[in-house]
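Subject: Handing over the model

Hi,

Here is the structure I promised to pass on.

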Amino acid sequence: MPGLINRKLIPSAYKNIGEWPRPDISLLNREDRRKFMASMRAVISYAESIPFSEILLTTGVSERETRRMVTRCITPDGHGGIFGFQALVPHTRIKSYQRNAPVHHVLGGDSSGCAGALTQLFNRFPEVQSKVESLYVATSTPSKPAEARISYMAVHDEFKIALRSLGFTDYDWPFNTKNCGYKSLWAHLNNLRERDPEGTMLARSGIEAYRRLQTGTGFSSLIPTLRPYVQVQLDYHMIDAASVITLINSYGDEIKIPVARWYYGLLVERKHGLIIGYHIALESNPSGDSALEVIHSSLFPTPVDLCDPQLAYVEDGKVLPNQILAELVHQCFDVLLVDNAWANSATEVVNNIIDTMGCAVNFGPVRAWWRRALIERIFGALTRIGLQRLPSTYGSSPADTKRTDPATQAVRFEASLDQLIAVIKGVIREHNENQGEGVQFSTPLSATRNSLSRPASGFIAKPIPKPDQDENRLFCHVEECVIRGNVKKGIRPHINFSRSRLTNAKLSNSFWMIGKKVTLYTSRRDSNQNYAYLNETGEPIGKLQTLGHWSSVKISLRNKKLILSAGLSDAYTRPGSRTVQKHLAAVKDKLATDKKNRRKKAKASKAALELARLTATIAAQANEITSKTKPINSEPGPTGNYFGHLQTTLKPIRRKA
């Protein structure tokens, strides 16, 4: 039949016209609705291989018009699909306007009559279009610096320079218009931003907007959260309240450390928004130890101690679900979502988590809070109902009205660490027992409790294996060390770790191991639990004994490092011993006094020597006179004085000399 010829306009991928996009015709006026229905019936009849003559009789649409309508429907929409029946709505444009006629314009006139002139120009000179668009989306690199977010006016200047280099005169478009094509260029660049947001967002809006663009793409998650404990989120939040950390060492002395800000970490179950783990990180930046502490708290319940001051705002002393629900003790999860910060992506952290629970670790982008909106929303809620209400808060910024000299307020109101931790634990328990819209106004804790007893919830109990519960591999710090020692000096082989010397009977008698590298496994719960293996052969060296004063102290590796850091810092800042300096000052004063006395003594001695020399000179002169003249009578002279006579005799000699 002639009507069945050339029915291949519709590609095989779009044969099912029931899936084509279609508009809501109730929004159209009566005339447009009539035209649309006639066109849609013609296209459907074409797809069903109805002859064109019958299509004309039933719809009034000719064969040529039917083919044109089908072609419009299968036109790509630029988003990976086709326009479908939307293309049949009257006055709908499915492609941009293409100008064919040359631009004739009066010099100095406005932009009327110049529609499509820029597109026509770009079609003639694609190199100009490429230059303009490259300037608009240029990003600066170390090897190729570029102007950051170049203005539209600057792009327009370069646009005019490029056209002048091609020989454009004042009588050519755009130079013959008042704005010299600025309005058309501005519209083109804005359309470029809408058509290709991913290609322009980094250059025009910055890195934060570019990262945020990666979410909300319209695609479903590859791993949907259909049941509890499938996905959990781990992140840290900075405490913006000044406090004083008070540590008590094993000798009962208090070490006080004032801090402005510190962190705490949360582990949140995504299905019900339940906080299942936390850790107080007393560090300037969260480390890998902090990440494992958060995971550990979700697996191993902490014994309840009602006398603990940090549980002052929790009536029964139970903070986390694994302390309340026995079914959640040692409960694992399938996927751990973390950001790409170095604290979480450390090799040791990832290996320990995967080896212990067998879960997958998903690293999100750094600083992209919108990818972890759930946990960030919980952080905000905890801060608003807890720490930001304290007098010592730093607020959200220096301009925050809640900020009133936090350092002074911390001392005035005695904002100790125990008190702040008690607030955090209290608001965690309060969050788990508060109703929320995300769980249809149930509480996260009650929703989880009900999931344990309802098979339809899909909850699967999957505790970590029993050996891992006993050995606690999750809490193992791994470090590569070198065996120290010296045969000539009689220093036995040992390992220096955390300012302690570690050894055992096997290691101390194996001098051949000096200089060898070993892998040291240390329990974060007890810094004296250390095991070493030789790197070359994997040979176990065994459990190592801690020598010195730390050997009798059971202390976590984290607290030991904190005490060492605080103690060494205090040693650097406090004044040193003045005994030796005082002794040296006294010796210096004595030496100065003795030197002064020696100078006086030397001066007196010099005067005596001068007098003795003068006396000897006088005696020598007297002898010389005696030898040249008659003997001098020993009787007194006219003066009645022997020495007076001698002096009278010597006077001429002195003048002569």
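Below are my notes, starting with confidence and ending with the barrel.

First, the ground rules. This is a predicted model, in which local features need pLDDT of at least 70, side-chain atom pairs count only at pLDDT 80 or more, and totals for chains, interfaces and linings use all residues. Residues are numbered from 1 along each chain as its sequence is written, and side-chain values use heavy atoms, with hydrogens and water left out.

**Confidence**

pLDDT is the predictor's confidence in each residue, from 0 to 100. Its mean over the protein chain is 77, with 71% of the residues at 70 or more. Please treat two stretches with care.

**Overall picture**

The protein chain holds 22 helices and 13 strands; these are DSSP runs numbered from the N terminus (helices H or I, at least four residues; strands E, at least two). Of its 657 residues, 39% are buried, meaning under 20% relative accessible area with a 1.4 Å probe, protein chains only (exposed is over 50%, partly exposed in between). Among contacts with a separation of 6 or more, 63% link residues 24 or more positions apart.

Strand β4 (residues 262-269) is largely enclosed by the rest of the structure, because eight of its eight residues are buried. On one side these are Trp 262, Tyr 264, Leu 266 and Val 268, and on the other Tyr 263, Gly 265, Leu 267 and Glu 269. Strands count as paired if DSSP finds at least two bridges between them. Strand β1 (residues 231-239) runs antiparallel to β4 and is joined to it by eight bridges, with Tyr 236 opposite Gly 265. Strand β5 (residues 274-281) is also antiparallel to β4, through seven bridges, and Tyr 263 faces Ala 281 there. β4 and β5 form a hairpin with four residues between them, and Gly 273 in the turn has a positive phi of about 70°.

**The cores**

A nonpolar core here is a set of buried Ala, Val, Leu, Ile, Met, Phe, Trp, Tyr and Cys residues joined through side-chain atoms within 4.5 Å. The largest has 29 residues, and Leu 267, Ile 295, Phe 333, Leu 336, Ile 353 and Met 357 have the most contacts inside it. At least two residues each come from β1, β4, β5, α10 (288-299), β6 (335-338) and α13, with α10 giving the largest share, five. Ile 295 touches Leu 267, Phe 333, Leu 336, Ile 353, Met 357 and Leu 474, leaving aside residues up to four places away in sequence. A second, separate core of 22 residues includes Ala 117, Val 128, Phe 168 and Leu 185.

In helix α13 (residues 347-357), the buried residues include Val 349, Val 350, Ile 353 and Met 357. Just after α13, Gly 358 takes a positive phi of about 70°.

**The barrel**

Six strands form a closed barrel in the order β8-β9-β10-β13-β12-β11, with antiparallel pairing. Strand β8 (residues 476-486) pairs with strand β9 (residues 491-497) over three bridges, and Asn 486 stands opposite Ile 491.

Happy browsing!

Definitions and conventions: Contact means heavy atoms within 4.5 Å.
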